[in-house]
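Good morning, colleagues. Please turn to the sequence and the coordinates on the screen.

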Amino acid sequence: MDFVNSLEHARKLDDSDPLKHFRNKFHHPVIKGKKVIYYAGNSLGLMPKSSKAALDIELDDWAALAVEGHFEATNPWYNYHQLLSPLMAEIIGAKESEVVCMNSLTTNLHLLFVSFYRPDQQRFKIISESRMFPSDRYMLETQVKFHGFDPDEAIIEVEPREGEFLIREDDILEVIEQNRNELALVFFGGVNYFTGQWFDLQKLTTAAHNAGALAGFDLAHAAGNMPMQLHDWDIDFAAWCSYKYLNSGAGNVAGVFIHEKHAENTDLPRFGGWWGHDKERRFLMENHFQPMKGAEGWQLSNAPILGMAVKKASLEIFAEAGMPALRKKSIKLTAYLEFIFRDIFEQLKKAGVANTKLKIISPTDPHSRGCQLSLKLIGADKSLFDSIVEKGIIADFREPDVIRMAPVPLYNSFEDIYRTGVILKALLS
Ligand SMILES: Cc1ncc(COP(=O)(O)O)c(C=O)c1O
C-alpha cells in the first residue's frame, strides 16, 4: 500500500473509507477534558450509542411487567439468548445451534474443559502457546491438577525461538507430532494477547485431529477482530469474551462455540443447570438432567437480560458492517499504523537519534495478525507509556515491557493514526 505520512493523505483515506460513518455510532471518551485517541479496543471496546436505548427497553419492561416480562416483554426474556445466537454465529462463522452466549470467559472455559478435556493415563497432555493470558494458564493448571496430573508434565508450551518474539507454526506442528501418543488437547489463544500473533486455527485443528486429540481456542482477541469459519475449520470448541472487540461493556456476558458433531451429542459429559435442560420440560420441575441438543445444552442459568440487551445492540452493528468489510479496513488501518511507526523511526534515525526506544514485535504479515500492534520498549521504561497516555493516546501496557495499540475498524480513523505519529515523534525526539 502506498501510504504517506501526512494529514492530507490520512484524511483522503478516511474520505474513501466505506465504513467511516460507523465511527459516529460510538461514544468517544473525553479524559481530563481532552478527546483522546483510543487504541484499547483490545481491552475494552467503546460504547455503542445504541446500547442505552436497548437497555432502556428492558428496564421499562421490567418496571411495567415484572415477572410477566419473561413472556410479554418487547423481547421476551425466556428465550432472550436466542436473539444473540444468529448475530454471534455470523461473526465467528458457525451454525446458530453451535453458539450460545452465557457466563464469562474463564467460567466458560472451565465448563468446556469438563466436556473436552477428559484425560486418561495414556492421553493427558495439552499443547498451548507460551505467554498465554494468565487466566487461561490458571484454568489449564487447575484443570490438570483437578484430574490428578502434574501441570509440569501435562502442559506443553510452545515458545518463540531464542531471540524471536513470535511462535513459528512449524514448531507447533512439530511439538504436536512429538507428543501425538499422549496428546489430549491443543488449546491456543486464537490471537495471542501479548504479541497480537494470529494462529492458523484450521491448521492447528487438523494437526490435533491427526494426532487423535481435540482442538479448542480462546478467541478473546479474535472475536470481532478476525473473520473465522469455526464450523468449516472443524474446531471442537471455543470461548471468547464480549467486552473487547465486541464492544459489549466491561465483564458482559461471553460466548461459546461447540461444533455440532459434539453439540448434538446429549451423552457428552457436562455440568448441568436448568437452562441447559430440555426446553419443553424445563418448568415441569423434574429430577434428572436431560440436556438440550446444541450449544444451549451447556447453559446453566437463566440469561442476564440487562447485559444481553447491551450486547445485542453491539452485535447488530457488526451485522450491519459485516466481518469481511471490517477486516478489509482493519488490514489497511493497522498497515497505516505500522507505516507511520516505521516512518517516524526512520526520520528519527536520520536526525541522529540513536535509540528510537520502541520495536514492533507483532507479525508484519497482515495474514498473521489482527488489528493489534505490540511495541516493545528498548532501553526505555514504563514512563514512556505514561507520557503517551498523558498526551491523549489511550493504549495499554503489559508487563514487563510491551505497549499494545489496536486501531479498531469500527471507530478508529486514519487521521487518529496520523495524529498518533505526530505525538509519538515529539516524545521520542
Ligand atoms: C486471552 C484472555 N483470556 C482470558 C481472559 C479473562 O477473561 P474473563 O475475566 O472475562 O474471564 C482475558 C481477559 O482480558 C483474555 O484477554
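A search of the whole structure, which is a predicted model, finds 23 salt bridges. I shall take some of them in turn.

Lys95 pairs with Glu260, and their closest N and O atoms are 3.0 Å apart. Lys95 sits in the loop between α4 (81-92) and β4 (99-102), while Glu260 belongs to helix α10 (residues 260-263), so the pair ties together parts that are 165 residues apart in sequence. Both partners fall in the intermediate class of accessibility: Lys95 is partly exposed at 36% relative accessible area, and Glu260 is partly exposed at 25%.

A second bridge joins Lys125 to Glu182, with 2.7 Å between the closest N and O atoms. Here the link ties together parts that are 57 residues apart in sequence, because Lys125 lies in strand β5 (residues 125-129) and Glu182 in the loop between α8 (169-178) and β7. Is Lys125 buried or exposed? With a relative accessible area of 13%, Lys125 is under the 20% limit and therefore counts as buried.

Glu177 is partly exposed at 45% relative accessibility, as is Arg180 at 28%. Beyond such pairs, Arg11, Glu415 and Arg419 are linked in a network of salt bridges.

I turn now to the ligand. Which residues are found around the ligand? They are Leu105, Thr106, Phe133, Ser135, Asp136, Asp218, Ala220, His221, Tyr243 and Lys244. Polar side-chain atoms of Thr106 and Lys244 each lie by an oxygen atom of the ligand, at 2.5 Å for Thr106 and 2.8 Å for Lys244. Asp218 places a polar side-chain atom 2.8 Å from a ligand nitrogen atom. On its own the ligand has 400 Å² of accessible area, and the protein covers 80% of that. Helices α5 (105-116) and α6 (134-146) are the elements that give two or more residues to the shell.

Two further sites deserve mention. On the surface, Leu59, Trp62 and Leu306 form a nonpolar patch with about 280 Å² of accessible area together. Leu59, from helix α2 (residues 50-65), is partly exposed at 31% relative accessibility. By contrast, Val186 in strand β7 (residues 183-189) is buried, with a relative accessible area of 0%. The C-alpha atoms of Val186 and Arg281 are separated by 36 Å, with the two residues 95 apart along the chain.

How values were computed
Residues numbered from 1 in each chain as written. Predicted model: local features only at pLDDT ≥ 70, side-chain atom pairs only at ≥ 80, totals over all residues. Heavy atoms only, no water. Patch = residues over 30% accessible without salt bridge, like charges linked within 9 Å, V, L, I, M, F, W, Y side chains within 5 Å. Areas by Shrake-Rupley, 256 points an atom, 1.4 Å probe, with all protein chains shown as cover. Salt bridge = Lys/Arg side-chain N within 4 Å of Asp/Glu carboxyl O. Helix = DSSP H or I, 4+ residues; strand = E, 2+ residues; numbered from the N terminus. Buried < 20%, exposed > 50% of the residue type's maximum accessible area, 1.4 Å probe, protein only. Near = heavy atom within 4 Å. Polar contact = N/O pair within 3.5 Å; in protein donor to acceptor, adjacent residues only side chain to side chain.
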